[in-house]
Amino acid sequence: MSVAPRISPRLARFALTTGAAAALTLGVAGQALACNISEFSAEATCSGEQGVITVTDKDPSGTKATVSVFLSTDGSEKLIGTQDVTGTREGAVVTFKENWQPNATYRVHVKAGNQVDEDIKPNVTAPGKACAPEKPAPSTTPPKPAPSTTAPKPAEPAPNKTTPAAAAPAPSNSASPAGSSDLAETGSSSNTPVIAGIAGALVIAGGAMVFALRRRGSTQK
């Protein structure tokens, strides 16, 4: 006759407790690896003067998700854009360019396989002030000097270019015209022809006298 081993009640309780703890640990680990909507966040920000809607996915399981952004206005919606994102523990970010108006409202929907298919709560509300334009970079060109306030010097008068007086004409050496009572520098006058005639007659007379005397002398011999 065999005797079956008897299980101690204390041992049985220990086994049940260990099994429950293991099941609970596996359940928590499974939930930690599953994608959850709480791992997504969204906000309206500015990139320079460009408005954007930024969505961050901090899903450590790396589940691929599809994010869609809608503008909600007076009960109607307009699709802004749809992008895929794969989450990381540090956070994967996707941005949607949107020139949002101050205090505009946006609904952000996330679809990740069979695990997530819902909106991020609460909806995104844009800031009450629009994005400010970027300030231009300071110019490196040196400033132009200010115009001088010193009064300009008066212009000096131009030198007098008066034409010098014409020089007196040089005295002419030509004889004075006939009939003029003025004598030339040579001493000639209007009586010169008469004097010349008398001199010529005396020369002729002297010559005739010399000829006559020679002829008489030759005759006397």
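## Report on a predicted model

Thr-54 is found in strand 2, residues 50–57. Helices (H or I, at least four residues) and strands (E, at least two) are DSSP runs, numbered from the N terminus. This is a predicted model in which local features need pLDDT of at least 70 and side-chain atom pairs count only at pLDDT 80 or more, while totals for chains, interfaces and linings use all residues. Residues are numbered from 1 along each chain as its sequence is written, and side-chain values use heavy atoms, with hydrogens and water left out.

**Overall layout**

The protein has 2 helices and 8 strands, in the order α-β-β-β-β-β-β-β-β-α from the N terminus. Buried residues (under 20% relative accessible area; exposed is over 50%, partly exposed in between; 1.4 Å probe, protein chains only) make up 19% of its 221 residues. Among contacts (heavy atoms within 4.5 Å) between residues at least 6 apart in sequence, 59% join residues at least 24 apart.

**Two threonines**

Thr-63 lies in the loop between strand 2 and strand 3.

| Residue | Relative accessibility | Class |
|---|---|---|
| Thr-54 | 13% | buried |
| Thr-63 | 17% | buried |
| Val-194 | 53% | exposed |

A polar contact is a pair of N or O atoms within 3.5 Å; within protein, one must be able to donate a hydrogen and the other to accept it, and residues adjacent in sequence count only if both atoms are side-chain atoms. The side chains of Thr-54 and Thr-45 are joined by such a contact of 3.5 Å, and those of Thr-63 and Ser-61 by one of 2.8 Å. Leaving aside neighbours within four places in sequence, Thr-54 also touches residues including Val-93, Val-94 and Thr-95, and Thr-63 has contacts that include Cys-35, Asp-57 and Val-85.

**Nonpolar core**

A nonpolar core is a set of buried Ala, Val, Leu, Ile, Met, Phe, Trp, Tyr and Cys residues joined through side-chain atoms within 4.5 Å. In the largest one, with 25 residues, Tyr-106 and Val-110 touch the most other members. At least two residues of this core come from each of strand 1 (40–47), strand 2, strand 3 (64–73), strand 5 (92–97) and strand 6 (105–112). Leaving aside neighbours within four places in sequence, the contacts of Val-110 include Ile-37, Phe-40 and Ile-120.
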